[in-house]
Amino acid sequence: MPINSSFLQELKYKIDIEDIISSYVSLKKRGSTYVGLCPFHNEKTPSFTVYPETQSFYCFGCGAGGDTVGFIRKIENLDYVDAVKLLADRAGLEMPQDGFDDSVSKQRRKVLEANRAAAKYFHSVLMSEEGKAALEYLTGRGLSKKTINKFGLGFAPDGWHNLENELVKQGFSRFDLVQAGLIRKGEKGYYDFFRNRVMFPIIDVRGNVIAFGGRVMEPNKPNKYLNTNDTIVYKKTNELFSLNNAKDNSGGVLILCEGYMDVISMYQAGFTNAVGGCGTALTGEQVKLISRYANEVVLAYDADEAGQKAVQKALVLFKNADVKVRVPLLKYGKDPDEIIKNVGVDAFRGMLEGATNEIEYEIIKQRNNFNLNTTQGKIDFINEIIKALADTTPVEQDLYISRISEELGVEKRNIKTQLDDYVRKHSRAKRRSEYNSIVNESIRQSARLGFISESSSRKIKAEDRLIYLLIKYPDCSKLAADFDSSLLTEGFMQKVYLLIIRNIENAADNDLMSFSADLTGDEMGRLSGIIARGEPSTEPKAEFRDCLNVIINENDKIKTSVNNISDDDFRKMFDNK
């Protein structure tokens, strides 16, 4: 294992999984366990379960699972050693100086150090004579020197090797700079990735500079923004610009903008809870991140057509998140930055305070799409609105139908009847689609388990049970002294079996933390599922012996090897299901 077992044992006794996870997820006690909405996929009904007895978690919805280290790795996007370090800091423990391999962790640190050095360099250039034009550009956009310093804005000079030469001089290797996305290697050698651009450092919630966005100063120039590609410390779909500032100023509400300048202008105007994307459209990962820091989000996207399309996509992504969504009607400018300049802070604040919920926003939008002075316009308007009302509560439906009935002069009961018909038809279609999806996925999984894994259903169940019994009743291992582990399904099952046997032979615990360094996140999820679904045994040794016999017998029955099945044959078998 990368970290010595005695330290992990001490760490295990110092931390409690419920305390750690409750800082990210709202948990409710249910018997001997805790449940909450999964932070790793969108859901309305809690399927995320924490097991204090085994110091583990498992989501019955998406299959995520593991120990406390695995949770931190997944939710903070850290490698194993850095996740252990984070937990050790929380527990007041010092990491051992030997007994662990932190090569990945060291590379992460080098990349973060290179990014920080690059940010300092870009800022120093901005404040020099060489950056005069860039500084005038930023102040011309209304930014004060204080704001420029607060966000660490900078300038990448127009040259192929300026940053490279500076950081190599500081002791960074070109390999480190490539890993950070600061330089690239072309046919003629290395060159700076960012050139002649105003620079926006992207800083994570722990204060690390993890990436950059670079903007050209010339209007109407293509590729207006250039952003760091994904690196060992940065994945653009998982981050939000200025969340490090907004998380402590949100009061449970975040304002989501499209661009860096919008966020910075809003911060300067007093809206310190503004965040923005990092050069991508809103993602599910960013929605989950928002839900960790806020229970309400205001979508202050651009007022143009592209911005309003982005609002629609965002509403879909937030639909299953435990976050209230409001949408302001922005006017007097195409984006928050321009609106604040045109009409001032107070007028813009009024737009945000008047932001409507999703249904109100849809009603206003559709009202502008149809001529409500005509019969056909009223019909088309009602047809669109009932789609929006279909997923709301009965009380909301009654209130909105009453308003629409009065506004259009249409009988309330007729609108209600049309809504009920729509809900009935689409509920059937939705159930049919969900059923077909479940059946197809079941067929797909059966095909894969049956042909790719070379395993029958009986063998799979026996293997899962065998693993559970070995972990819960280590004495069962004595019955497996002559068992050939190669009879187990290749991959995960053989790997976990051998790890368990190793721990038993070394008199080590078989709790989940003992597997965390050796298994991937998906493998930890699968092992957690085996444990979560397992039932205690009254005769574990007899049951273990039965599992061994099933595995041996079923292995003998398998006649066809996956190596003898072509892709076409597999597709035919799948199609025949």
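I take buried to mean under 20% relative accessible area, exposed to mean over 50%, and partly exposed to mean in between, with a 1.4 Å probe and protein chains only. I note that this is a predicted model, in which local features need pLDDT of at least 70 and side-chain atom pairs count only at pLDDT 80 or more, while totals for chains, interfaces and linings use all residues. I number residues from 1 along each chain as its sequence is written, and side-chain values use heavy atoms, with hydrogens and water left out.

**Cysteines.** I looked up Cys-257 and found it buried, with a relative accessible area of 2%; Cys-278 is buried too, at 0%. Taking a disulfide as a pair of cysteine sulfur atoms within 2.5 Å, I count 0 disulfides.

**Whole protein.** I read helices (H or I, at least four residues) and strands (E, at least two) as DSSP runs numbered from the N terminus, and the protein has 24 helices and 16 strands. Of its 577 residues, 47% are buried. With contact meaning heavy atoms within 4.5 Å, 64% of the contacts between residues at least 6 apart in sequence join residues at least 24 apart.

**Tyr-80.** I found Tyr-80 in helix H4 (residues 80-91), where Tyr-80 counts as buried at 7% relative accessibility. From Tyr-80 to Gly-70 I noted 10 residues in sequence and 7.8 Å in space, C-alpha to C-alpha.

**Cavity.** I used a 1 Å grid over the protein atoms alone, on which a cavity is a set of points where a 1.4 Å probe fits but cannot get out, a pocket is an open set with protein on both sides within 12 Å along at least five of seven lines, and lining residues have an atom within 4 Å of a point. Grid points are joined across faces, edges and corners, and a volume is the space filled by probe spheres set on the points. My search of the whole structure gave 1 cavity of 30 Å³ or more, and the largest cavity holds about 40 Å³ of space. Its lining residues are Phe-151, Pro-201, Ile-203, Phe-241, Ser-242, Asn-244 and Asn-245, with strand S9 (197-203) and helix H10 (243-246) each giving two or more residues.

**Second largest pocket.** I recorded about 910 Å³ of space in the second largest pocket. It is lined by 27 residues, of which Lys-44, Lys-319, Glu-358, Ile-359 and Asp-391 lie nearest its centre. The elements giving two or more residues to this lining include helix H13 (305-318) and strand S15 (324-327).
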